Amino acid sequence: AKFFMNLDVPEEFLREEKMLETFQQYKELQSQFKATHTHLEQERQGRMNPTELQREVSQLDSEREQLSQKIQQLKLRTASDEGFQMLLEVTSRLRKEQEEEARIAEKLEVQRYQLELAEQL
């Protein structure tokens, strides 16, 4: 909190060029500190604790196992159906293309964010 407080500098001191430059530099550094502090607080709030992460990993492992079982069951049921095999190949390609599209969109967002940061400097 002490770094957020403004210094009261008398007007007669700010008439000197060197003192004015120093004060402006101080204000800029204070602004950067506020932005960094805000970002740090957001990062702290966004983190999960290890217990929650372990619970989530266990849940995801369980879901993966269930999905694997369902896939095996479907493969057994559809092994003799000729039309299904072609449909499976087409839908698999579609899913891969959609995943690639999502990766490209994510990269685009990252690059836009980096461009925005670069423009701010």
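## Glu100 and its partner

At 35% relative accessibility, Glu100 falls in the partly exposed class, the band between buried (under 20% relative accessible area) and exposed (over 50%), computed with a 1.4 Å probe on protein chains only. Glu100 makes a salt bridge with Arg103, and their closest N and O atoms lie 2.8 Å apart. A salt bridge here is a side-chain nitrogen of Lys or Arg within 4 Å of a carboxyl oxygen of Asp or Glu. Arg103 is also partly exposed, with a relative accessible area of 45%. The two residues sit three apart in helix α4, so about one helical turn separates Glu100 from Arg103.

## Basis of the model

This is a predicted model, in which local features need pLDDT of at least 70 and side-chain atom pairs count only at pLDDT 80 or more, while totals for chains, interfaces and linings use all residues. Residues are numbered from 1 along each chain as its sequence is written, and side-chain values use heavy atoms, with hydrogens and water left out.

The protein chain has an average pLDDT of 88, and 98% of the residues score at least 70; pLDDT is the predictor's confidence in each residue, from 0 to 100. Confidence is lowest in helix α1 (residues 11-14), with a mean of 84, and highest in α4, with 92. Where pLDDT is low, predicted coordinates should not be read in detail.

## Other salt bridges

Searching the whole structure gives five salt bridges. Among them is the pair Arg95 and Glu99, whose closest N and O atoms are 3.1 Å apart. These residues are four apart in helix α4 (residues 82-120), which means that about one helical turn lies between Arg95 and Glu99. Arg95 is partly exposed at a relative accessible area of 42%, and Glu99 is partly exposed at 36%.

Another of the five joins Arg44 to Glu41, with 3.2 Å between the closest N and O atoms. Arg44 and Glu41 belong to helix α2 (residues 17-46) and are three residues apart, so about one helical turn separates them. Glu41 is partly exposed, with 28% relative accessibility.

## Fold and overall dimensions

The protein chain contains four helices and zero strands, giving the pattern α-α-α-α along the sequence. Helices (H or I, at least four residues) and strands (E, at least two) are DSSP runs, numbered from the N terminus.

The radius of gyration of the protein chain is 28 Å, whereas a compact globule of 121 residues would have one near 14 Å. This radius is taken over C-alpha atoms, and the globule rule is 2.2 Å times the number of residues to the power 0.38. Along the principal axes, the C-alpha trace spans about 90 × 35 × 10 Å. Gln72, in helix α3 (residues 50-78), is partly exposed at a relative accessible area of 47%. The C-alpha atoms of Gln72 and Glu116 are 47 Å apart, with the two residues separated by 44 residues along the chain.

## Surface and charge

Of the 121 residues in the protein chain, 3% are buried. The chain exposes about 11700 Å², of which carbon and sulfur atoms supply 54%; accessible areas come from the Shrake-Rupley method with a 1.4 Å probe, and for residues only the protein chains shown count as cover.

The side chains include 18 positive and 25 negative ones, and the centres of the two sets are 5 Å apart. Lys and Arg count as positive and Asp and Glu as negative, with His and the chain ends not counted. Each charge is placed at NZ of Lys, CZ of Arg, CG of Asp or CD of Glu.
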